[in-house]
Amino acid sequence: MSSLLPVAEALGRILAGARSAAQVVERPLIDALGLVLGENVVSPVAVPGEDNSAMDGYALRAADAGSPMPVSQRITAGGGMAPLAPGTAARIFTGAPVPPGADIVVMQEACREEGGRVSVVGPVAAGQNIRPRGQDIAEGAPVLSRGRILRPQDLGLLASVGRDTVQVYRPLRVAVLATGDELVEPGRGALQPGQGYNSNRFTLAGLLRALRLELVDGGIVADDAQATAAALQGAAAGADCVITSGGVSVGEEDHVRAQVQRLGRLDLWKLAIKPGKPLAFGHIGDTPFIGLPGNPTSVFVTFCLIARPFLLRLQGAADEELAPPGLTVRAAFAVERPGTRQEYLRVTVADNGDGPEARLFPNQSSGVLSSVSYSNALAVIPPGTTVAPGDGVDVLLLDTLC
């Protein structure tokens, strides 16, 4: 258990044992953003429900386009209509239903109307400018699948087939504990020598809320074995998962790992990752446990890469929702010495006028939280790899990770 696990192997082992702990509940569609869909949605209707006009113009028969035609009716979106009389045209507006008998809509710029008669002055083609019934979604067609994280456009899509409520997985309750006698909550006064503000609490709270998960705030736990055990037991009893920051390394005051082993089991410890090597995963009783390192940047990086996909799996998310999309850009930096761990460098990806490039944040220390606040991506540097300026590097955009 002391050897360093490669990141992909560790994540695979963690995800292999994850089973969705969330129940399916019904929510108003307007409140479902970011939640995980708990049903397969099939459309009870066709969208659009009838042939309609793609633009303002005139609906007519293509065969009648060679001669001036009287305008027999005016059709607006949401208004009524009658079948089109042969040899006539209907004034029609975008989104309005195409009357039976018409087989084209000619845009108004290609028509000339005088004295109640309209002439077509541009070319015509059968079916032009008509959006057919079911062009977007056919009646009975699948719309969205279970396990999808609902995005704004998904809410609109569900509304377009008549849904105003949706079945989703209940947001998980995730308990967060920070360990360390040196920690002080912001707003509690000036720091004494050796103290630091508890930034990890707020980073983790933000990351969890961005996933629409429910935060159970366990506060700060003292560097004491009994206090640590009591806090872990209490957190596990009231949450679907427990996440700690700090206390999983090898110091004499790092009690979390030992207490997890006593209260349950430790499944893995120490990853071949930089930053964030002393990450632990296990169970407190039956409740999953993730022990993140204590350094602020390590907390952010390891949560995004390890905790996030695990929590999404527990939440019922589909496999395709777990791995963030990456891209390859040019490096505007060098890595001269190959490392033994997979490294995630904080970079800013921007277009320099000749395509996107990744620019390195100047201080890559795991204690420098500004490195993730002021960057917009993580550059992935595999073990044993060097990088020269101009080389292609894989990056993960932070907006896809949190």
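Predicted model: local features only at pLDDT ≥ 70, side-chain atom pairs only at ≥ 80, totals over all residues.
**View 1. The whole chain, before zooming in.**
The chain carries 7 helices and 26 strands. Its C-alpha trace stretches over about 95 × 50 × 40 Å along the principal axes. For 402 residues, a compact globule would come out with a radius of gyration near 21 Å, but this chain has 30 Å. Buried residues account for 47% of the 402. If you take contacts between residues at least 6 apart in sequence, 69% of them link residues at least 24 apart.

**View 2. Helix α4 and its buried face.**
Helix α4 covers residues 225-237, which makes 13 residues. From first C-alpha to last, α4 reaches 18 Å, close to the 18 Å expected at 1.5 Å a residue. Its buried residues are T228, A229, L232, A235 and A236. Looking down the axis of α4, these buried residues sit within an arc of 135 degrees, so they line one face of the helix. Over on the other side of α4, Q226 and A237 are exposed.

What do the buried residues of α4 pack against? There's quite a list: strands β13 (173-179), β16 (214-221), β17 (241-245), β20 (280-284) and β21 (287-292), plus helix α5 (256-263).

**View 3. The start of α4, at D224.**
Zoom in on the beginning of the helix and you'll find D224. One of its side-chain oxygens comes to within 3.1 Å of the backbone nitrogen of Q226. Q226 also turned up in the previous view, as an exposed residue of α4.

**View 4. Helix α5 and what covers it.**
In α5, the buried residues are V256, R257, Q259, V260 and L263. Seen down the axis of α5, they fall within an arc of 165 degrees, so this helix too has a face lined by its buried residues. The cover over those residues includes helix α4 along with strands β13, β17, β18 (264-269), β20 and β21.

**View 5. β24 and its two strand partners.**
Strand β24 (residues 356-360) pairs with β22 (residues 326-331) in the parallel sense, over 2 bridges. Here A331 has A358 of β24 as its bridge partner. With β23 (residues 342-351), on the other hand, β24 pairs in the antiparallel sense, over 5 bridges. In β24, L360 is the residue that stands opposite V347. β23 and β24 form a hairpin with 4 residues between the strands. In that hairpin, G353 takes a positive phi near 100 degrees.

S43 lies in the loop between β2 (41-42) and β3 (52-53). Is S43 buried or exposed? Its relative accessibility is 2%, so S43 counts as buried. Leaving out residues up to four places away in sequence, S43 touches I137, A138, E139, G140, A141, V143 and V161.

P48 is also placed in the loop between β2 and β3.

**View 6. Another cis peptide bond, at P275.**
Between β19 (273-274) and β20 there's a loop, and P275 is found in it. The bond from K274 to P275 is cis, with omega near 0 degrees. As background for this view and the next one, most peptide bonds are trans and most residues other than glycine have a negative phi.

R212 is found in the loop between α3 (199-210) and β16. Its phi is near 60 degrees, a positive value in a residue other than glycine. R212 has 30% relative accessibility, so it counts as partly exposed.

K270 has a relative accessible area of 18%, and because the cut-off for buried is under 20%, K270 is buried.

Definitions and conventions:
Residues numbered from 1 in each chain as written. Heavy atoms only, no water. Pairing = 2+ DSSP bridges. Expected span 1.5 Å × (residues − 1). Buried < 20%, exposed > 50% of the residue type's maximum accessible area, 1.4 Å probe, protein only. Arc of directions from axis to C-beta. Contact = heavy atoms within 4.5 Å. Polar contact = N/O pair within 3.5 Å; in protein donor to acceptor, adjacent residues only side chain to side chain. Rg over C-alpha atoms; globule rule 2.2 N^0.38 Å.
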